[in-house]
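Hi everyone, thanks for coming.

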Amino acid sequence: MAGKKSTIIGKAQKKIDGIELVTGRARFTADLRFPQMVYGYARRAGIPAGKIKRIDKEHALGIPGVLDVITASDLPGPNLIGILPPFDQPLLAEEEVRYAGESIALVVAETRDIAKRASLSIVAEIEPLEPVLTVDEALKPEARKIHPHGNITFSRKLIKGDVEKGFERADIVVENTYETSFQEHAYLETEAVCVVPHGDGRITVYASCQSPFHIRGHIAVNLNVPASRVKVIQAYTGGSFGGKDDVATEMGCLAAIAAIRLNRAVMIVHDREESIIGSNLRHASRIHYKTGATKEGKIIAREVKILLDGGAYASESPFVTMKTLIHAAGPYNIENVFVESTAVYTNKTYCGAFRGFGVPQVTFASESQMDELASELEMDPLELRLKNALKAGDATATGQVFRKSVGLVKTIQVIDGKRKHVQSKKLQDEERWLYGTGFSCLLQGISNGAEGIDVVGASVQVSQDGSVLVGVGLSDMGQGSRTVFAQVAAEVLGVSMERVTVKQVDTESVHDSGPTIASRSTTVGGMAVLKAAQEVKNSLVKMAALMFNTREEKVVLKDGFASLYEDDSARIPLDKVATAAYWNGFPLMNLAFSKAPDANYDHQTHQGDIYIAYNFGTHMMRIRIDRYTGKVEVLKHIAAHDLGKAINPQGVEGQVEGASLMGFGLAHLEEVLYDRGIIQNPNFADYAVPGIKERLPTETVIIEDYNPTGPFGAKGIGEPPVAGAAAAFANAVADATGIRFLRLPITREVILEALRGKQ
Ligand code: MTE
Ligand code: MOS
């Protein structure tokens, strides 16, 4: 176990694949080449709603180099994908088009250019329908139904205590409505899949993706073949952030169907425009908050009503709806809570998983309201948060009680301790610059918990040379989970990091572990690796004890040797032990599982034990705004998170910085703009993603409140900072300008206009 002296757990480690990634040696899907490989390119609808009357392929098929044009009627399976009910999404639109970026046909050709050109020469007669473009329109009783089951994708309520009674007792009630807009994942690498048929009914799918088993399942259904004939290999993936589930599935199914029809390898690679218009975005939202407190600042009631614009298909809207519901009350101990959250269909690009899963949206709203309440109470914003902060033993909004690892108070205290120093810096040119500081607190549930499946399988195998091979069914999309898994195995088996290899996910060689979402890899995946490694360690220890002629309790595995506790000088190299263990038939490979405890959860009221842990955090952002141009400069950003235990502190910093920057983008820069259902900025010239110049001056503060459900006490950190940074930014702008902005993004233009209006 990781004692104080561990050189692996808790020590900054280079990413095990870092060199390959930065030198470009690592092969991504689009880099792959196979003999006779051909290319697919989808024809998209181009209008947000319509009835498909006719799709004429003839002209396209006549173009030299074009091999196939596939439409819905050519598909061998049900033409349906989806994650949770309602499964409502076709691979290719059949009768009706529901968003402008929707695929209606796939062209396959010798080159990608030919396929792209040919896709435009398909004659598609689509009779336009009046598009349903906003949540309000969609909810009108007379609205046209986007799906046969109506325009509501998913709706749930959370009921804790009696919110009406709570408000009756409140001395102060604040109330407001907030909005957030659509955000694009903007990963470096666009979506890509390549399917290789083996000629015998088996296929191999290489994909830039997040959840390989999910893809495999859908391909099998849509090809009408057993899942065992489909092998999905997650190639190196240049970012996913929740964005490569549905779309990789759609592309994988289409490429697989084409590959079988032609018996050739088929590659589909999205260009940036397809990446933006064709697949899921972060849900836009409108959120009404009402908060009641005593005059001492104790919050006693919170009522939240959330509307999410989910676009044309359900995708992961059900999960996002649930997450908004569960997190809307914030990281506070509140007796009476009522939340209603509804995802609604519109004729726009569908929305789904995106780093934070709805938590950034509600956190922005909730934390804005906290500041409004603080100002009504004439109370310091951190003091108000501290007064209401969840502590060990308190009940969350779902009534779940954590006895351990509720480190929120510590994160607030750290920020409180640092703020004077930051705020005492001399202000320059105050005539021009408006200075402000914003705070936010947040929680984010780790793992799927009662929302879905929460099982991870991990294998650990020791070879005769003492090297270690780890296989987990969760994918590394850049977050560094393979490095974390390697650390856990290395620690348990007493070998150096260089001796450990972590498999690329391949559905034939790792166990189905569900989707790689909800920051669950370190916690649930790490726990599975820990267990598997311990089993293999038992074999090695047993063997070494025989070799030392001693009892097993006396043996330690350390630094690549088996040695004795009391006598470090007596030691046997691990390869000798492993070889002997092999010859004796002691198992050197183990498959272990980590499963969240059976949830006791009521999906009607959303009361009960939902997650195995929460990450808690407090952010502070110090900014200044140029009153003449609206330009914002972030002077200091501090993110303090309780993540149980930092397995790889360097990885944690990377995640905190990256996620915070995404939150900053959401809050200040990014917005997918629509005009009558057509995205107006499907490129990085017009859609502003924060670049290296906008890099935040983030200071990461790691708080370690040991979490018993994670390996060595760890909890995930991949998503939580998005919410913290976005909310702190909004509060900093309000502090600097004296104007409360109710909608994200709060761009420079928006700020300037408001400042002018104020004069
Ligand atoms: N970091 C990088 N570099 N690339 C990614 O795609 N995805 C994020 C986060 N950090 C992502 C990332 C999302 S949405 C999630 S849920 C977590 O990583 C998943 O990984 P974890 O379980 O290892 O935290
Ligand atoms: Mo992350 S949005 O949970 O994939």
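This is a predicted model: local features need pLDDT of at least 70, side-chain atom pairs count only at pLDDT 80 or more; totals for chains, interfaces and linings use all residues.

I'll start with the ligand and then turn to a pair of helices.

Residues are numbered from 1 along each chain as its sequence is written, chains are lettered from A and ligands numbered from 1 in the order in which they are written, and side-chain values use heavy atoms, with hydrogens and water left out.

So, which residues come nearest to ligand 1? Out of 17 around it, they are Ser-240, Phe-241, Gln-479, Ser-521 and Gln-655; "around" means a heavy atom within 4 Å. By class, that shell has 4 nonpolar, 10 polar and 3 charged residues. Nonpolar here is Ala, Val, Leu, Ile, Met, Phe, Trp, Tyr, Cys and Pro, charged is Asp, Glu, Lys and Arg, and the others, Gly among them, are polar.

Now some atom pairs. Gln-655 has a polar side-chain atom 2.7 Å from a nitrogen of ligand 1. A polar backbone atom of Phe-241 sits 2.8 Å from a ligand oxygen, and for a side-chain N or O of Gln-479 the distance to a ligand oxygen is 2.9 Å.

On to the helices, which are DSSP runs (H or I, at least four residues) numbered from the N terminus. Residues 359-377 form α10 and residues 721-737 form α17. In contact, meaning heavy atoms within 4.5 Å, α10 brings residues including Phe-364 and Asp-371, and α17 brings Ala-727 and Asn-731, among others. That contact counts 7 nonpolar, 3 polar and 2 charged residues.

Key: A polar contact is a pair of N or O atoms within 3.5 Å; within protein, one must be able to donate a hydrogen and the other to accept it, and residues adjacent in sequence count only if both atoms are side-chain atoms. Axes are lines fitted to C-alpha atoms, for helices over the stretch in contact, and angles run from 0 to 180 degrees between N-to-C directions. Helices (H or I, at least four residues) and strands (E, at least two) are DSSP runs, numbered from the N terminus.
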